[in-house]
Amino acid sequence: MNRFTIALWLAMPLAASAVTVDSPDGRLSLTLDVDGNTPVYSISYDGKTILEPSPLGFKSSIGDFSKGFGIASTKVDTVHRVFAQDKIKKKNIDYKATRLRADFKGPDKHKFSMEWEVADNDVAFRYIIPRQGGKTSIIIDSEATGYRFPAATTAFLTPQSDPMIGWKGTKPSYEEYYVADAPIDSASQYGHGYTFPALFRVGDNGWALLTETGVDGYYCASHLSDFENGVYTIAYPMPGENNGNGTAAPAMALPGTTPWRTITVGADLAPIVETTAPWNVVEPRYILDRPAQTGRGTWSWLLWQDNSINAEDQRKFIDLASELGYENVLIDNWWDNNIGRKGMEELIAYARSKNVNPILWYSSSGYWNDIEQSPVNHMDRPIVRKKEMKWLRDNGVRSIKVDFFGGDKQETMRLYEDILSDAADYGIDVVFHGCTLPRGWERMYPNFVGSEAVLASENLVFEQKFCDLEAFHATLHPFIRNSVAVMEYGGTVLNKRLNRGNDGGTTRRTGDAFQLATSVLFQNPVQNFALAPNNLTDAPAEAIDFMKAVPTTWDETKYIAGYPGRYAVIARKHKGTWYIAGVNAEAKPVKLKLDLSALGLHDAEAECYSDNTALQFSKSILKVKNPAAVPVEIAPNGGLVLVVK
């Protein structure tokens, strides 16, 4: 339930000069101005520049709204929202911000407004476009919206791929490698810019994380352009996405609003890890009769691949889920072909008899890729989709996973929303795979329970290079991808070799404690882990016991230590128990004195799971005598987990 506290509007006269508003704590400042005839904004934190004057505006079917505009009036108030979320990094959110409404007037009687919310570490803004000149619709051809960082800034980014490449022409799907600490003028790999989220170290001035939220079927998803003329700008989808179907430019009815763009800033990385910016400014689109089902699951396909999609192997993974006390089992592609509808009804009944919820895989299907994995053509149109969802509901299936989207056009955003809406009507939760970044969807769509949108654990099986870089990637995600949205990574591999027999294929380079740590570092309300039946006997018993107990939902998240691409230590709390998880991607051990004083730990004992430099796993008891300086060491490619009840 939301509570709003709104102060009286403070009307200001025509703004002949810059307008500045501050966050509630006074440390973050937003300045809105006009540079010549171009609207611009800038941001500082603790008096240090985070963004230099950066352009605003857009070009559209009814005119150019990026030049010749001045600030006609501004209004300021405060906003206070309190709400609860059970699927993200924090359960109870108490959000306070200063809100600025700025009205712009330009040539040909054109006008638009901007709404800004300035919180202690977050800025959110969007365009508000009224009807004008008899026009009740608009196409936004491009945006001038930009981000101009100081010259000393370095970037942590992942590129937007070419359209229609990758497996069966399914890209872009947010599954590219990152660059870390790169110069801001570095060209992107494919020449199409970079996907959200994007992290920047602004020299000694602080950090900034960029993303967007509130994207639905009324707009496209955006990304960052390449760096040009000293600025990154908002870029729209490429025309070739989705096999050329659908428009790259979004259209909307007037009056209308664009999605929110958010900027999280801080002197250190704590505000980046702990931000709730993507959810602070959006609202639920509908209400469920029941809460979404969260929990852990087994997933045969990750290690046993397509050959495991048969009734016998799926029963083994249902039994494994039951043995581990897990809530779910994910049954991947080809189930309709290999097991059949009648066989699936029997398999679903078997899973339900074991108190395990089957999650069934589907292709998003349609005319935009060449996917053959079935079921196909069941999720792309409403009539067949509703018929399928009725069959799912009637057979006791409460969750599905929909894969292979490949595009950020408005047409595709509508498909995501339509699948979620229809699924909600049939009591079904949805995980997306091979997909775009979720943009506030955890709050907007109550039955949305996860998205991949990352170079995820399945790549460990495909390529040794990914195994070699696993630790590097793990130290990025808590600060970037997983900071702004849930991330269905499918990790925690306890096989040493990544195949069915644990005796061939690619070789895992990381320790067992590292793998346990990722179950905490990577946050998604539905986690489908890469455990296999053989792990009950060939993995350390202490590791299996940990995996039986680890939760997937969290009441609170805290940054403890780290640097993206080097090492990361994050703390998450679940019902009175703190899990402090760390991993190391550097070539030498990381020796730290962790400051856990903010967790309220005094004279506590922690269960300590760790890897030594030879990546040998052990469990011990660590006494926390001084919570402000807890000495630990994390081995290269190793991990650490402290569990404090």
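Does Trp334 count as buried, partly exposed or exposed, and at what relative accessibility? At 23% relative accessibility, Trp334 counts as partly exposed, where buried means under 20% relative accessible area, exposed over 50%, and partly exposed in between, with a 1.4 Å probe and protein chains only. Trp334 is found in the loop between strand 24 (328–331) and helix 5 (335–338); helices (H or I, at least four residues) and strands (E, at least two) are DSSP runs, numbered from the N terminus. Phi of Trp334 is near 80°, a positive value in a residue other than glycine.

This is a predicted model, in which local features need pLDDT of at least 70 and side-chain atom pairs count only at pLDDT 80 or more, while totals for chains, interfaces and linings use all residues. Residues are numbered from 1 along each chain as its sequence is written, and side-chain values use heavy atoms, with hydrogens and water left out. The average pLDDT, the predictor's confidence in each residue from 0 to 100, is 96 for the protein, and 98% of the residues score at least 70. Over residues 1–15 the pLDDT is below 50, although this stretch has 43 contacts in the model beyond near neighbours in sequence, a contact being heavy atoms within 4.5 Å. Where pLDDT is low, the predicted coordinates should not be read in detail.

Lys168 also has a positive phi for a residue other than glycine, near 55°. Lys168 lies in the loop between strand 14 (154–157) and strand 15 (179–183) and, at 28% relative accessibility, counts as partly exposed. The bond from Leu254 to Pro255 has omega near 0°, and Pro255 lies in the loop between strand 20 and strand 21 (256–257). The bond from Ser374 to Pro375 is cis with omega near 10°, and Pro375 is in the loop between strand 25 (357–363) and helix 7 (382–394).

Strand 6 (residues 58–60) is joined to strand 7 by two bridges, and Lys59 stands opposite Asp64 in strand 7.

Glu117 is in strand 10 (residues 111–118) and is buried, with a relative accessible area of 0%. The Glu117 side chain makes a polar contact with the side chain of Tyr95 at 2.8 Å. A polar contact is a pair of N or O atoms within 3.5 Å; within protein, one must be able to donate a hydrogen and the other to accept it, and residues adjacent in sequence count only if both atoms are side-chain atoms. Leaving aside neighbours within four places in sequence, the contacts of Glu117 include Arg81, Arg99, Asp122 and Trp260.

The largest nonpolar core has 184 residues, of which Tyr41, Trp116, Tyr147, Phe200, Ile263, Phe432 and Phe546 touch the most other members. Such a core is a set of buried Ala, Val, Leu, Ile, Met, Phe, Trp, Tyr and Cys residues joined through side-chain atoms within 4.5 Å. Helix 8 (residues 410–425) supplies the largest share of this core, seven residues. Apart from it lies another core, of 23 residues, among them Leu592, Leu599, Leu601 and Leu642. Leu592 is on the covered face of strand 33 (residues 590–594), together with Val590 and Leu594, while Lys591 and Lys593 form the uncovered face. Strand 33 pairs with strand 36 (residues 630–634) in the antiparallel sense over five bridges, and Val590 stands opposite Ile634 in strand 36.

A search of the whole structure finds 41 aromatic pairs. Rings of Phe, Tyr and Trp (its six-membered ring) pair if their centres lie within 6.5 Å; planes under 30 degrees apart count as stacked, over 60 as edge-to-face and the rest as tilted. The rings of Tyr489 and Phe522 have centres 4.6 Å apart and planes at 50°, so the pair is tilted; both residues are buried. For Phe546 and Tyr609 the centres are 5.1 Å apart and the planes at 65°, so the pair is edge-to-face. This pair joins helix 16 (residues 541–549) to strand 34 (residues 604–611), its members being 63 residues apart. Ring pairs also link Phe432 into a cluster with Tyr286, Phe405, Tyr416, Trp441, Tyr445 and Phe448.

Methods. Pairing = 2+ DSSP bridges.
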